[in-house]
Amino acid sequence: MRQSLPGQRPAQKRAFTGRGGLPVVVVGAGPYGLSVAAHLRTAGIPVRIFGDVLGSWRHAMATGMFLKSTPAATDLSAPEPGGRLADFREAHGEPELTELTPIPCDVFVRYGQWFQKRYVGEVEPARVVSLDRDGDAFTVRLDDGQHLSAAAVVVATGLNGLSYIPQELRRLAPGAAGPDALVSHTSHHTDLSRFAGRRVAVIGGGQSALESAALLHEADAQAQVLVRERRVLWGTTPDLVRPWTQRLVKPASPLGTGWILAAVCKAPGGVRQLPASARLLLFTRALGPSGGWWLRERVEGVVPVRTSCRVIGAVADDGAVRLELAGPTGGPEILVVDHVLAATGYRLDLDVLPFLSDAVRKAVVRVRDSKAPHLNGGFESSVPGLYFTGSLAAPMFGPMMRFVAGTQYAATRITRHVVTAP
């Protein structure tokens, strides 16, 4: 019988016999990978999980950043009580966080590492470089040369490799975008202080753009934000004691207040039943770009923000960048900066996942008008035994899959489907 980890219930006294009793491989050790692995192991299923524990949170977010989500929306999914962020804080003698307390990323990282040790156990740092079908199972090849067979594979790679930089900006980096090039994506940085004294144009109007601009300003960079929309949207300061009339008109949810958000959080499976066009509209419109309420005072009146401003051209010019901008006045304007920081989001595209074999990639049916996988109610793709979760599942199950709050729903459904799979 599997040895229980500290804080876990004993594993069920049965062997996993689905697909020959081979292990389930989880690719990725972020919030979704850790949550799925925890549930699978408690169900008595042999699991091997590969990745860097909360790697994106440690290596793809600048020092000093905070989570936009509230504490109630940042709990990983434990298979038993005791695995919440609040439990972690209590175990370490730290005060409980409220909605009025922005969560530093390093606090969330420490919480994830604690969760891993308590519920998951070993996470192997090897990187999956190849995934192919082998009859009813899968062959997984690692970057250290190992090969293994797997009964099923859960892809929980988050947003790794999915960063998006518009074509007109990508031309500034013929090799590769990055901190040392003329253009980079916000996910390329862990320390924005390298731009002290330099002119930086931040492209975008969401949390990543606005918080990066604040950090750049605080590091003595000359930052300004270029926003396509007519205005910047900000979250509202939470009210810890809302009257019942407000709760009725705008019910609370992990993603904010309002009936639409409450519905998609309560029933991600119901989102999956909507027509593809409705799901896509919900995915793109339910949560538009905005900044956290606590960030506003660090940006408004502090960092120059140009709204109704669009980049229509960008050229390298003697180590600098000449941006051609179209603004509300109509005529083009030239802005010269030393670096362009693209806070332009991510594109969900299976074709950029480097480890999927061509045969597997071609066999995965996509969501209509999307490059994300079409999934059944158990998060399984059209390739039997191949599951996708996290952001790649959002076009099927709704916007909650873009946030940590979706781990409970995803982990329980995937585990149930794996257990009952033939």
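Which residues of α4 are buried? The legends below take up this question first and then turn to other parts of the model, which is predicted.

**View 1. Helix α4 and the elements that cover its buried residues.** Helix α4 runs over residues 105–120, and its 16 residues reach 21 Å from the first C-alpha to the last, close to the 22 Å expected at 1.5 Å a residue. The buried residues of α4 are C105, V107, F108, V109, Y111, G112, W114, F115, Q116, Y119 and V120. An α-helix has 3.6 residues a turn, so residues three or four places apart point the same way. What covers the buried residues of α4 includes the helices α1 (31–42), α2 (55–59) and α3 (85–91), together with the strands β2 (47–50), β3 (66–67) and β4 (103–104). After α4 comes G121, whose phi is positive, near 85 degrees.

**View 2. Strand β1 with its partners β8 and β2.** In strand β1 (residues 24–27), V24 and V26 point one way while V25 and V27 point the other way, and all of them are buried. In a regular strand the side chains alternate between the two faces of the sheet. Strand β8 (residues 152–155) pairs with β1 in the parallel sense over 4 bridges, and the bridge partner of V25 in β8 is V153. Strand β2 also pairs with β1 in the parallel sense, over 4 bridges, and here the bridge partner of V27 is F50.

**View 3. Strands β5 and β6, with β7 paired to β6.** Strand β5 (residues 128–134) and strand β6 (residues 137–142) run antiparallel and are joined by 6 bridges, with S130 standing opposite R141 in β6. The hairpin of β5 and β6 has 2 residues between the strands, and in this hairpin G135 takes a positive phi near 65 degrees. Strand β6 pairs with β7 in the antiparallel sense over 4 bridges, where F138 has A150 of β7 as its bridge partner. The hairpin of β6 and β7 has 4 residues between the strands, and G145 takes a positive phi near 95 degrees there. Strand β7 (residues 147–150) has a covered face, made of L148 and A150, and an uncovered one, made of H147 and S149.

**View 4. T42 in helix α1 and A86 in helix α3.** T42 lies in helix α1 and has a relative accessible area of 11%, so T42 counts as buried, the cut-off being under 20%. Although T42 and E80 are 38 residues apart in sequence, the two are 9.1 Å apart in space, C-alpha to C-alpha. A86 lies in helix α3, and because its relative accessible area is 17%, A86 is buried as well. The C-alpha atoms of A86 and P71, which are 15 residues apart along the chain, are separated by 7.9 Å.

**View 5. Helix α8 and its packing partners.** In helix α8 (residues 259–266), the buried residues are L261, A262, V264 and C265. These buried residues pack against the strands β12 (252–253) and β13 (256–257), and also against the helices α9 (268–272) and α10 (276–285).

**View 6. The second largest pocket and its lining.** The second largest pocket has a volume of about 180 Å³. Its lining is made by G161, L162, S163, Y164, I165, R170, A177, H188, R347, D349 and V352, and by class this lining has 5 nonpolar, 3 polar and 3 charged residues.

Conventions
Residues are numbered from 1 along each chain as its sequence is written. This is a predicted model: local features need pLDDT of at least 70, side-chain atom pairs count only at pLDDT 80 or more; totals for chains, interfaces and linings use all residues. Side-chain values use heavy atoms; hydrogens and water are left out. The expected span of a helix is 1.5 Å times one less than its number of residues. Buried means under 20% relative accessible area, exposed over 50%, partly exposed in between (1.4 Å probe, protein chains only). Contact means heavy atoms within 4.5 Å. On a 1 Å grid over the protein atoms alone, a cavity is a set of points where a 1.4 Å probe fits but cannot get out, and a pocket is an open set with protein on both sides within 12 Å along at least five of seven lines; lining residues have an atom within 4 Å of a point. Grid points are joined across faces, edges and corners, and a volume is the space filled by probe spheres set on the points. Ala, Val, Leu, Ile, Met, Phe, Trp, Tyr, Cys and Pro count as nonpolar, Asp, Glu, Lys and Arg as charged, and the others, Gly among them, as polar. Two strands pair if DSSP finds at least two bridges between them.
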